[in-house]
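Subject: Structure for you to look at

Hi there,

Here is the structure I promised to pass on. Please open it alongside this note, and what I found follows below.

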Amino acid sequence: MELIQQNKIRLEDGHKYSGWGYFENGQFIPHGCGKKFYSDHYVYGNFNRGLVEGPAIESYDMYMQTMQFTNNRGNGWGLSINRGRLSEFGYYKDNKLQIDLSDFALWYYTKMQDAGREENMLTVYTFNSSHEVAELLIGYKPGPIQNGVGLVGMGFHFMRDGSIWMGNTATRRFSGKLIHFNSDGTIDCGKFDNGELKERMELQEIINTYYGTFDFSEDDLFANLFRRREKNPLREQFRNTQPIKVGYNYFSNVISQVNKSSLNKFYMKYTLWEVDFNGTGNFISLGDEEDREEWEIGDSYIITPHGTLEIKDAIFVNEGPLVGVQFQVNGTLTMDEFSCSHGFESDIDVTTVALMRQPHNVWLWVYAFDENGNPVANFCGTDDLDGLANFIPFLERKYLKK
């Protein structure tokens with residue numbers, strides 16, 4: 001088919017259309033980037049053989065929806081803006097919001113409004129050959145560089161692959177601290193380089209980098225807090241935002257199969273020497289040095305050869321001779337897979353894991369408890385030199401928001 005561009009051509013259904021398409025049996029069929037006009041609104045975005053497919057905006061004067069479309073209906077990530085305010089963000093099905101994730105985006109939309117840029121907030125990029133929409137931007141394009149400084153790009157980038165990029169970028173290559181709402185319903189948040197995730201970050205960490213964090217280093221703490229709040233009164237509004245569930249499909253409520261190790265932003269190596277299967281103090285050696293196990297104890301997951309425990313929260317212990325951390329976790333360990341097992345140990349469901357050490361003691365003890373607080377297994381091992389000491393400050397920054 002030969003694609004040509006038309007200006008307000010009347011279609012077979014009586015509505016007018018401006019944009020790319022082709023003629024078939026004497027009728028013009030929208031195909032590629034275009035705008036279709038209705039009595040009270042218009043749709044501007046990508047068309048495929050007459051149907052809206054891909055990124056598009058549906059605008060009713062003071063109210064608009066921008067979504068990923070399938071068969072003329074919003075199906076996928078999208079947002080709604082009512083009288084200049086973000087009213088909805090999340091997963092849409094048949095034009096209706098199904099999963100409300102507005103708090104994931106409201107902080108950033110507010111940041112865009114605070115930028116005070118008087119520019120058109122709608123930009124559409126197309127592929128040169130197919131004239132399809134490659135990207136629909138709700139926000140501001142990067143500005144020209146002057147005296148070595150250029151305006152950063154800001155906004156929600158609706159991509160042809162069904163995903164959305166959200167955040168500030170100096171170019172269209174998606175480098176920086178961004179959030180990527182993937183086309184499969186999962187969400188990645190962190191530092192990106194040319195669209196590749198290099199370091200995963202918590203949502204609150206991203207928000208803090210955009211709005212700044214309190215500086216507790218000055219002597220006059222209360223004056224410091226007042227001065228910063230006066231400068232940016234919205235700072236407190238976007239704290240304690242619910243975290244993004246890594247590997248979670250927000251479209252279907254299913255956890256994707258991901259490498260849990262890649263989800264730990266930081267971790268310590270734990271070498272296991274002995275196991276107490278019943279939590280009664282009767283430790284059994286795994287055997288010789290080559291039989292010892294290595295575990296990865298991270299900020300999000302504890303990964304063992306016998307199961308993975310997801311970390312929900314952390315409490316820090318520094319009482320007298322005991323130092324360590326207590327994790328609230330969720331997961332199961334298969335106990336009869338240990339090399340020193342008798343073969344009849346049952347699986348254990350673990351809800352609490354405590355890492356404890358006495359000062360100047362080489363041993364690092366791990367205690368596992370069930371939901372009733374009963375001990376179900378104990379472990380004895382070692383960490384690398386200063387492993388726990390170096391690990392704790394990272395955990396404190398995450399769970400105590402230090």
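To start with a term: a residue is called buried under 20% relative accessible area, exposed over 50%, and partly exposed in between, with a 1.4 Å probe and protein chains only. On that scale Glu199 is partly exposed, because its relative accessible area is 29%.

Two remarks on where this comes from. The model is predicted, so local features need pLDDT of at least 70 and side-chain atom pairs count only at pLDDT 80 or more, while totals for chains, interfaces and linings use all residues. Residues are numbered from 1 along each chain as its sequence is written, and side-chain values use heavy atoms, with hydrogens and water left out.

Salt bridges

I take a salt bridge as a side-chain nitrogen of Lys or Arg within 4 Å of a carboxyl oxygen of Asp or Glu. Searching the whole structure gives 13 of them. One of these joins the side chains of Arg200 and Asp188, at 3.1 Å from N to O. That pair links distant parts of the chain, twelve residues apart: Arg200 sits in strand S18 (residues 196–200) and Asp188 in strand S17 (residues 187–193). Strands here are DSSP runs of E with at least two residues, numbered from the N terminus. Arg200 counts as buried because its relative accessible area is 19%.

Glu199 has a salt bridge too, with Lys191, at 3.6 Å from N to O. Lys191 is partly exposed, at 33% relative accessibility. Another salt bridge pairs Glu310 with Lys312, whose closest N and O atoms are 3.4 Å apart. Glu310 is partly exposed at 28%, and Lys312 is partly exposed at 46%. There is also a network: Glu202, Asp299 and Lys398 are joined by salt bridges that share partners.

A charged patch

On the surface, Asp336, Glu337, Asp347, Asp349 and Glu371 gather in a patch of negative charge. Patch members have over 30% relative accessible area and no salt bridge, and like charges are joined within 9 Å. Asp and Glu count as negative, and the place of each charge is taken as CG of Asp or CD of Glu. Glu371 belongs to the loop between strand S28 (364–369) and strand S29 (375–383). With 69% relative accessibility, Glu371 is exposed.

Strands count as paired if DSSP finds at least two bridges between them. Strand S1 (residues 4–10) and strand S2 (residues 16–24) run antiparallel and are joined by five bridges; Gln5 has Trp20 in S2 as its bridge partner. The hairpin of S1 and S2 has five residues between the strands, and Gly14 there takes a positive phi near 95°.

S2 also runs antiparallel to strand S3 (residues 27–37), with eight bridges between them, and Gly19 is partnered by Gly34 in S3. The hairpin of S2 and S3 has two residues between the strands, and Asn25 in that turn has a positive phi of about 55°.

Which loop holds Asn71? Asn71 is in the loop between strand S6 (63–70) and strand S7 (73–82), and Asn72 is in the loop between S6 and S7 as well. Neither is a glycine, yet phi is positive at about 55° for Asn71 and about 70° for Asn72. Asn71 is partly exposed at 47%, and Asn72 is partly exposed at 36%.

Technical notes:
Patches are made of residues with over 30% relative accessible area and no salt bridge: like charges are joined within 9 Å, nonpolar side chains (Val, Leu, Ile, Met, Phe, Trp, Tyr) within 5 Å. Accessible areas come from the Shrake-Rupley method with a 1.4 Å probe; for residues, only the protein chains shown count as cover. Helices (H or I, at least four residues) and strands (E, at least two) are DSSP runs, numbered from the N terminus.
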